[in-house]
Structure formats: C-alpha cells, structure tokens
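I opened this structure to look up a few things in turn. My notes follow in the order I made them.

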Amino acid sequence: MVCSAAPVLLLVMTLPLEGSPVVQASQPEQSQAGGESEQQLDQRSGAAAAPSAPVESVLASVYVQLDLSNQTWPLALSKTLTHPLASDSSFSRTLTGLSLTTECNSHRDGQTYCACLSGYQWNASICSHHPPCQTAHNHRPCGCLVFGPTEAGYCQLLPPVPGRLNPNSWVRAPGTTLNLTLVKSRETTNLNWFLRHADSPTPILLQPGTHVSLASSPGEAVLSILNVSHRWAGEYLCCFEAQGFRWELSQVVKVPLQATDVARLPDQLSISCATCPGFQLTCCIPSTHLAYTASWSPGEGSKDGDNTCPEDSSAVAWNVTKAGHVAQAPCPVNRTGMVKRTCGPDGNWEPVHSSCTDTELLALHHRAQLLQAGQGWPAVEVPQILAQLSEQVMVVSSPSDLLALLGTISVLAKVVVDARIQLTRRALEALLKTTDKILDMDTSSLWAPAQAQKPSAGSALLLALETLACSLCPQGHPFSFSLRNVWLQTQLLGPTFPADYRASFSTQPPLQAHIPRCSLASLGHNGTNISVISLVLQKLDRLLPSNYGQGLGDSLYATPGLVLSISIMAGGQAFNQGEVIMDFGNTASTPHCVFWDHDLFQGKGGWSDEGCQVQTTHASPTTQCICRHLTAFSILMSRNTVPENPTLELLSQVGLGASILALLVCLGVYRLVWRVVVQNKVAYLRHMALLNVVLCLLAADTCFLGAPLLPPGPRSPLCLAAAFLCHFLYLATFFWMLAQALMLAHQLLFVFRQLSKCRVLSLMVVLGYMCPMGFAGAALGLYLPRGQYLGEEACWLNRKGGVLYTFVGPVLAIVGMNGLVLAMAVLKLLRPSLSEGPQVEKNHALLGVIKALLILTPLFGLTWGLGLATLLEEVSIIPHYIFTILSTTQGVFILLFGCLMDKKIREALLERFCRTQPPNSTMSLSASSYYMKGKCKIGKHGSQHS
C-alpha cells in the first residue's frame, strides 16, 4: 500500500528494441532507497521494426511508484540510471537510460500534488482538466498539478522552444515606443502578453488600449507600447501554446525616469544668504533598480532682493521668500502634490494654491488609467475600483480630490466600453452610492473651483454615468435602486411584442417616462430581450455648464433640478432612436423640452431642443415632453418669462374682446360719417390710413384670440396659417401707423409743399401692405424649413429662434420713429406765439401737449414700447400687467382718441342723429386736424385767425 504523505516517483526510459514488438517486462528489484517492493511497470511503445530490421531506439514510458519512508530522494535516483532489462526471448532489449520526470506527494485528503522536473512539463490538455498546485493565471506553463485519489499521470519531455523573443532594446528612453517581437517556428495558439513589475510577483495582462497595441502574423507576434514611462518597466512575459505544451518567454525592460517623475521638495527655494544658517533639499523618486544622482546649484542671477515676504506658519510653514518668487511646500501626510504661494512684488503673501490630492484617490485614478492604457484585467478590476471609490468618496475635501474622483469614473466608463465588460448589481450599486455623495458636495468650495479648472466636469460625469448604467449584465435585470439624489430603474422586456415601457419616480416634482410599444417592437426582431434603463439624477443640472444650442438663443434658463437619462439595449447594442414621452410634473411657466448634447461647444456639451417638443394637454396641468431620440433629458424654463398666470390670461382675453368690439364700433362710425369727414385731400389720406389701421388690427386681434382653439405644433397647417396671418396683420398695423406719423412729419416740416393724393395713397399702400408682407414671407421661407418658425405651445412665432426678431425688430423701429414724430409735434406746440400773453401761451401750450400725447400715443403704437420692460424685467410682474392691458385694449384707445375725439366726426354724428347746427369751433387738435394747417388761436372777442 501507499503510505499517506509518501512521495511518488514517475520514471521514463529509452529502450532500443529489436525483432518482435512484444516486450516481456520483468519486475525490477527493490529500490536502493529501501522503498516497498510494490512496483508497477506499464510499458508503452510504438510499433517496432521487423526482426530483420536494424536495431531501433524507442522512447518507452514506464510508470513506477516508489514509496519512500523518509520522504527524501536518494542522490542516486537524481542521476541518469542505466539498467539491463532481463529478457526470456531471442530479441535483445536494453534499457539505455532512466530519467526522473515527475515528483508527486500524496496528502492526507487523498489528493496528489505532482510537479514536473527540469526538462519536462504537463501537456496542455492535462493542464486544462486539473487545477494547479498554486494559484496562477491560466496561460502560464503548468509544472505542478493536483490529481485525485484514482488519477495518475506523468510529465512529458519538452521539445525545443518553438520561438524566440526579440526586443528592439533592453533599455528604452521615456516617451519612445517599445516593440517586443515573438519569432515563431511553430504554429501557436492562446498567445498572451504579461508585464510583471519588479515590486509585484503577480503578472499583469496586457490588452489593446491607449498605449498597447498587439499584432500577429503566421511568423511573428508583436507587442508595441507607445510613449513608455517607468510604469512600463519590468519583466515582459509572452505565454502561448505550441506542440501541445504551454510556453513562457520573458524579457526584462528598463525605462529611466523622466524629470516629471522626480519630486523636488522644494522645487524652488528663496533664502537670505546672510541670515540663513542652512536648509534641506529632498529628492523623491519612484522605486526603481536604476541608479540616479541628484544635484543642486543656485540659479543664474540669484542674489539677495530688497523685498521679501516674512515667515508664515499659519497652516503650512512658509519660509522667508524673495518678492516675485513662488514658495513651495509638500502636501500633508496621505496627500500628494504641491502647495504653492507667490510672494508679491510689494513683499506681501498672495493666496495659497494647492494641488494636494488624497493618495488613495490618486492611486485609484492611476490604476484606472493603466487599465485604459492596456494593463490589467478590466472585468475583475473595474468592480474593485468602483467598490473602493464608494469608500474613498468620503475623503474628498478639495477640488483636486473631486477632479481625481470624477476622472476615475470617466476613465472606468471608457474601459467598460473598450473592453466590452458587464457590471454586476453590486458594482452598479457602488457607483450609484458614489454618485449620490458627489451630487451632495458643496458647490462653492468644491464644484466651482473644479469647474474653473475643467469646465466639462459635469458633462463628463453625466456621460460616464449613462455609459456605466447601460453595462448592467442581463442577469441583473430587473433592477431598482434609489437614494436621495439618484434613482435607477431597469426592465427586461420580451423579444416578441414587447409591452409599453412605463417608469415613475417619486421625485419632486414627480417624474414619469413612457416609451410606446411601437418604438420597441422593431428592436426585438432577432429574438433578443430588450432592456430599458432609466436613470434620474437630482442636482446634476446645476453642475452642467449654461450652454444652449442654436434653437434656444442667448436667454438664461432655469431647470427643475432633475435630469432623466433613458437608454435601450438589445443584443448588446445601444439604440438611440425611439419616441419617449416624459411628464415632468406641474411647472411654474411654459418650459422647453431639451436634452444634453455632449457634442456641442467643442465637446463641452450643451442643452439642445432638436427632436423634442412640448405636448400641450388640456386635461392635465403637468408638462409633457415628446422626444424622438434617447439620451439625458430635462426641461428649461426661461428666467425672463413670467409664470403662467390666470389673471394675465383673463385680462388678455377681455382686452382683446373689448378691442375687437371697439374697432367694430369705429368701422360703424366711419360707415356713417365717411363722406362728411373726407371732403379734402389731407383729411382723406389721414382717415384712409386710420381706417386701414382699424381693419388690420381688427383682423389681427380676431386671429390671435381664436388661435388657442387650434391644435398647436409645427405639424398643424391651421396653426401655421394663423401664425402667419397674425405676423402679417400686426406688422401691417404698425406700418400703417408709420404712414400716419410720416404724414404728420411732412405737415410739420413742409407746411407749404403739397403732395399728390394718388401718389401719397400709392406709397401708403406699398408701405402698409407690401413691407409687412415682405417681412412675414421672408420669415416663413427662411425659418419654416428649419423647423424654427412655429412655437410649440401656441400658434405664434417661435420664441427660441431668430424668427421672433422679424416681428420685434420692425415694431421697435416703427415705435422709435413714431416717438420722434411725437416729440416734433410736442416741440411745435411749445413754440411761443407773438399775439398771446405769457400766461395764455403757457396754458394753451400745456393743453395742446396733453391732448397730443393722449391722441398720438395709441395711434402711433407707442404703448408697445413697454414690451421692452417685459424682456428686461426678471422678477416683477407689474410690467407684464401694464403691457397686457395697454396692448390688448389698443382698439379701445383708437376708438376714443382717433375717432370720437375728432371734432368733425362728433359734429357729423350730432348732425346725423340730433339734426342740430354745430357750434362755431375755433380750434381742434385731434386726429382729424393734427396735420396742422396752421396754429389756431382764440382772441378775447371770439374772432378766428388761421
């Protein structure tokens, strides 16, 4: 029997065979080491030659089990042995060599640990079916295996090495490219490259990355390391399988340090040569086996200065420093970097600038960077780093710490994509816990300085979270996780006829998402499951830069504090197309549905509304957004927009109704007294202009009041027609007002120059209708193809693009010109008269100015100038009330001041209804006589002069 823990010896021998291939094996004698006599001979040989053939040497395998009581091998058995093999046949068989191949130890648990001796190795197929004696990666040659109680085996003789490793240099200069080439003489499989650092016994797998590239051909395999540094120094291993065995070739590569790898403490020292007794300089370098010499010498032109900053030991010990120089000090314990402080030219210390970063956070960041470069096992190390980040996030105390943390997450996201690995629930939970704490960090002390150094920090965090959330393994679905600032929901939908996707989040305001079934049905045609990942981030919007795409203009916007990211995965691929409906709850004003476009502003990211629109629902007060692509969504609310106010809406509707009624009355009055008031050329032109103002304003108000009854949106032809008509008619109203003002200006400046009635009327028609038609038509043709003509919430021009300026620009220009004409009229009225006394002149001029302002201001549309206040005011709602009342009731003002205050119109109405003789009027400064034939005066005897 075999004793427990007894060593076992496996032998291999070479036999020259002659004649018959039948071999009679005899039992060898008892071992010299005093082992048991139980020996088992199992001889296998290939087909021997015929009896008449010459002597042939054949390698035969013999399994011999020797039980040694003292568990030590005698020295005699460690040599090559020769022993004659007895034979009872006529053929001679001679044992010419005896070599040890395998050394085994039987343990008490029944398992046997068998190790190959020099020159022998386990076959690759045997290696794949038995565990190794010690933990090692699967690609290394297996020299020791573990066998069961009933299993046995022996190592085989190694053939010549099927290749050689040729480096381009033993020592590589930093920043250059290292090339290692395996020249193959046999076909190889399962080829892998490893790097073993001098301070680590575990080799690191090398995979394609930012620094590593692999190439293979039938005759060679090449490993290239770009931009090498001391982090790439060590022993390179090339592991592969060939001729049934696993092989490992190695090459040691040394890389000298760069100047940036050496920490000089301090980097620059300013001292007083007269008073300083001595100082200490420290040089810190990474651990390396190369020898270096550190030296120090004064800089050129160094001398004592007149101004120095005094010694300061407030937080860091600052030595006396020369004015204009930068003092440096090492970071505290467990932090890496440098603290710098400039001594000003006047000898006063400036603020401290610190780049100190927590050592553990920096180590994790470097580890992630090496993974991205090509060192390591991403499937194993990424979850480990995520778990450690969830613990290290508590030590973040500076902007440098925050940037290192954010940089690590961004690098891990790139590694996950490049390596195509999947995360478990535990790894994703660790990421979400870290994110929750990041979003809670102080904005002023951490985020603001960090964003000053890296403006795209928030955008990079959002992109990384979207990427990592989509990497959940299929076995992890469905998955739901929520914290104070982070909510994640995933669902796994069937491949055939998937149902609608719905998700709701208990946020403030409540958030819901819905993807119709029709958007998901086309993704499951290959029989693959569809996973939908919804990630909600609170407070992230305040960390994103205030960048707005072309359609949003230059306004400032506020967000509700929520960012919703929706991703769809099917068959391992991400799909960005699909209709998603989101409900952001009840908002204070009309929002803009937007998404975060990472490609805007040279990769810094920005909000864009392309492919998104607001869905107006009268049944629900909440804000619904429809987008036709998948990414990170939110809503923007203009800070200059007054929140929706029922009182303002009621005032607008009542004002428009009153204006329409007043304009209809005005048309009725003109119908009754038209022939009476247009008896001369000037009166005809004046009333013709006012009549067109009334007609255009009546049509515009009616169209604007009825537009909310039409379905809004760019796809509604009725809404498009209503918006175009409102645009054209309101512009026509203002251009006819401009025609009135130009007529008054002509009468004021050119009193004795008369114009042709036909020519003036033609010019007024061109100005009143052709010019607004040009503006409205150009806006329609220019912005409609871009999808920027119509607004999403009403049948009116889009407020987010340049189309609104085609209305606001002409209106403000006309209001400005009409204001100049009004100023000219007021100055004309204030001109002194020779025939009147001082007091009479003063009273008469004051009365004329008041009447002119009351009459001409609404007629010239000057009340619309208050619209500027609504654009500039950000807090108060008072300007909006004033503008709404004055602009919507403009028809009432036209009826009162442009029609009923006209003396001739009143006389004509009295004559028509009362049949009375009108009094002898002496002066009329109204809309019927503002062309001012001359200045009318009333003497004390009632005589009239003109």
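**Entry 1: a strand pair.** I looked up what faces C239 across the sheet, and found that C239 stands opposite E248 in β16. I noted that this is a predicted model. Next I checked how β15 and β16 run. They are antiparallel, and nine bridges join them. As background, I wrote down that strands of a sheet pair through backbone hydrogen bonds, either parallel or antiparallel.

**Entry 2: the whole sheet.** In which order do the four strands lie? I read off β12-β11-β15-β16, an open sheet with antiparallel pairing. I then looked for the edges. They are β12 (204-206) and β16 (245-253), and each of these pairs on one side only. I also looked up the twist, which averages 30° from one strand to the next.

Entry 3: I turned to charged side chains. The count of salt bridges comes to seven. One of them joins E235 and R196, with 2.9 Å from N to O. Where do the two residues sit? I found E235 in strand β15 (residues 234-242) and R196 in strand β11 (residues 189-196), so this pair ties together parts that are 39 residues apart in sequence. E235 has a relative accessible area of 21%, so I logged E235 as partly exposed. R196 is at 16%, so I logged R196 as buried. The cut-off for buried is under 20%.

**Entry 4: E241 and R246.** I looked up another salt bridge, between the side chains of E241 and R246. Its N to O distance is 3.6 Å. R246 is buried, at 12%.

**Entry 5: K539 and D440.** I moved on to a salt bridge between loops. The side chains of K539 and D440 meet at 2.7 Å, N to O. K539 lies in the loop between β30 (530-538) and β31 (557-558), and D440 in the loop between α5 (425-439) and α6 (443-453). The pair therefore ties together parts that are 99 residues apart in sequence. Both came out as partly exposed: K539 has a relative accessible area of 28%, and D440 is at 27%. I then looked for shared partners. Salt bridges join D440, R484 and K539 into one network.

**Entry 6: helix α4.** I picked a helix and checked its length. How far apart are the end C-alpha atoms of α4? They are 30 Å apart. Helix α4 covers residues 399-419, and at 1.5 Å a residue its 21 residues should span 30 Å, so the two values agree. I looked up burial next. α4 is mostly covered, with 16 of its 21 residues buried. I then checked what follows the helix. R420 comes after α4, and the phi of R420 is positive, near 55°.

**Entry 7: confidence.** Last, I looked up pLDDT. The protein chain averages 76, and 71% of the residues score at least 70. Over residues 833-837 the pLDDT is below 50, and this stretch has six contacts in the model beyond near neighbours in sequence. I noted a further stretch, residues 916-946, where pLDDT stays under 50. For residues 916-946 the model has 60 contacts beyond four places in sequence.

Technical notes: Residues are numbered from 1 along each chain as its sequence is written. This is a predicted model: local features need pLDDT of at least 70, side-chain atom pairs count only at pLDDT 80 or more; totals for chains, interfaces and linings use all residues. Side-chain values use heavy atoms; hydrogens and water are left out. pLDDT is the predictor's confidence in each residue, from 0 to 100. Contact means heavy atoms within 4.5 Å. A salt bridge is a side-chain nitrogen of Lys or Arg within 4 Å of a carboxyl oxygen of Asp or Glu. Buried means under 20% relative accessible area, exposed over 50%, partly exposed in between (1.4 Å probe, protein chains only). Two strands pair if DSSP finds at least two bridges between them. Axes are lines fitted to C-alpha atoms, for helices over the stretch in contact, and angles run from 0 to 180 degrees between N-to-C directions. The expected span of a helix is 1.5 Å times one less than its number of residues.
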